[in-house]
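Visitor: Hi, could you walk me through this structure? I'd like to ask things as they come up.
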Number of protein chains: 4
Amino acid sequence: MTVIALLSVAPVIEGSMSGEVAKAVDALEAYDVEYETNPMGTVIEANDIGELFAAAQAAHEAVDGDRVSTVLKIDDKRSRDVSAEQKVEAVEEHLGRPATNRDEREDEPEAE
Amino acid sequence: MTVIALLSVAPVIEGSMSGEVAKAVDALEAYDVEYETNPMGTVIEANDIGELFAAAQAAHEAVDGDRVSTVLKIDDKRSRDVSAEQKVEAVEEHLGRPATNRDEREDEPEAE
Amino acid sequence: MTVIALLSVAPVIEGSMSGEVAKAVDALEAYDVEYETNPMGTVIEANDIGELFAAAQAAHEAVDGDRVSTVLKIDDKRSRDVSAEQKVEAVEEHLGRPATNRDEREDEPEAE
Amino acid sequence: MTVIALLSVAPVIEGSMSGEVAKAVDALEAYDVEYETNPMGTVIEANDIGELFAAAQAAHEAVDGDRVSTVLKIDDKRSRDVSAEQKVEAVEEHLGRPATNRDEREDEPEAE
């Protein structure tokens, strides 16, 4: 069984949120989960749904603020063990290429 | 402090999901939360973030299936008590009318 | 074919958002969609996916702010016509009661 | 102005979704956006909100299925140019380390 989720925790403040988001990410260290942050949240992988919810709650509570907005999107595969990495690899196998165009665009000359 | 959230729990099955969704809604009864289901999920209101996460986890686990997809969106107002109902009323005050066009459209004759 | 979605558009500001949210709701009037706002967003129903995306974009752009956060969750049933209302009715049929506990709790005496 | 979003498009089918998800990712190639797929969706970066919505709609429509579930989460920074990469870098600066524990855990010996 693999539970994979995207967690986004953000204080509703007009300045930079990154200091508070860092606290949310740090809070995950206390849990038996793998995590990797991307520009729209942190992908979390756990073997146990309880551990995932506990980690998400800790991250939410780690952020200070009068108003905190959190989104948790869970993909709970209960009968198969497909890792987070394998999910992307399966898509790339169908694409026949990496599932990104970042590298190509970095090599392109800036539009005049 | 009021924590308001939208919870959507769905088994990834090709037939009707409503029987399983009903189990998720029923699971909320065991928690000190107010809830109301709409076509895209259930709005949940709690006084305590721990109670909200516990109720969301119970609803997720109440649904049977090889693969279960859950989205939890939380609006955690920690310094003010604004009820779920008051959030909609505040928008309607600015609109100067109900925040829906359902009633008007039900009175319109069907397009020939 | 019925496309049902939940749209939440919010300016990232520390004060009340309801004035700006009202602009997003108002923007939906120009489109062939049914909508109803709840405490966590607006449920939108359309017969055409293009109309849904156009309405969501208009609502997003109607909100002023240096930073705007929008979530759009779409349930696109392409081979069956199940209205938004019917989705909730199907869950309530399985529950054997309304999919809410709001009314019961309103009748309960306030905890001493 | 930079618009950053997370897009997740999935057919509601009981088998593997990766073939259809690959079609959604491929559909982004026709648009002036940068994208990178992760285990919970594809982060998309655009300079124009219209281009983002058009790309998201094309990806949604590229997926075949009787029922298609799509989530689009948008972070629209209208007054500052902060790239997707810079968002993660800012969090890592506060953390004082990479915003992931994947590498550490890969070096740990498997639990006996």
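Visitor: What should I know before we start?
Guide: This is a predicted model, where local features need pLDDT of at least 70, side-chain atom pairs count only at pLDDT 80 or more, and totals for chains, interfaces and linings use all residues. Residues are numbered from 1 along each chain as its sequence is written, chains are lettered from A and ligands numbered from 1 in the order in which they are written, and side-chain values use heavy atoms, with hydrogens and water left out.

Visitor: Okay, the sheet. What is the order of its strands?
Guide: The order is β2(C)-β3(C)-β1(C)-β4(C)-β4(D)-β1(D)-β3(D)-β2(D), an open sheet of 8 strands with antiparallel pairing. Strands here are DSSP runs of E with at least two residues, helices are runs of H or I with at least four, and both are numbered from the N terminus. Two strands pair if DSSP finds at least two bridges between them.

Visitor: And which are the edge strands?
Guide: Those are β2 (34-38) of chain C and β2 (33-38) of chain D, each pairing on one side only.

Visitor: Over how many bridges do β2(C) and β3 of chain C pair?
Guide: They pair over 5 bridges, in the antiparallel sense, with β3 covering residues 41-46. Within that pairing, C:Glu36 has C:Val43 of β3(C) as its bridge partner.

Visitor: Switching to symmetry: what rotation superposes chain D on chain A?
Guide: A rotation of 180° with 0.0 Å of shift along its axis does it, at an RMSD of 0.0 Å. The two copies are therefore related as by a two-fold rotation axis. For this, copies are superposed by least squares on the C-alpha atoms of residues with pLDDT of at least 70 in both.

Visitor: Which residue of chain D comes closest to the axis?
Guide: D:Asn38 does, with its C-alpha at 4.1 Å.

Visitor: How many residues make the contact between chains D and A?
Guide: The contact takes 43 residues from chain D and 43 residues from chain A, where contact means heavy atoms within 4.5 Å. The copies meet through the same surface, because 100% of the interface residues of chain D are also interface residues in chain A.

Visitor: What area is buried there?
Guide: About 3,800 Å², with carbon and sulfur atoms giving 57%; that is the accessible area (1.4 Å probe) that two parts lose on being put together, summed over both. D:Pro39, D:Met40 and D:Arg102 supply 19% of the area chain D buries against chain A, more than any other three residues.

Visitor: Where is D:Thr100, and is it buried or exposed?
Guide: D:Thr100 sits in the loop between α3 (84-95) and α4 (102-107) of chain D. D:Thr100 is buried, because its relative accessible area is 13%; buried means under 20%, exposed over 50%, and partly exposed in between (1.4 Å probe, protein chains only).

Visitor: Which residues does D:Thr100 touch?
Guide: D:Thr100 touches A:Tyr35 and A:Glu36, leaving out residues up to four places away in sequence. A polar atom of the D:Thr100 side chain lies 2.7 Å from the backbone oxygen of A:Tyr35.

Visitor: Last one: what about D:Thr2?
Guide: D:Thr2 is in strand β1 (residues 2-11) of chain D and counts as buried at 6% relative accessibility. Its side chain makes a polar contact of 3.3 Å with that of D:Asp81. A polar contact is a pair of N or O atoms within 3.5 Å; within protein, one must be able to donate a hydrogen and the other to accept it, and residues adjacent in sequence count only if both atoms are side-chain atoms.
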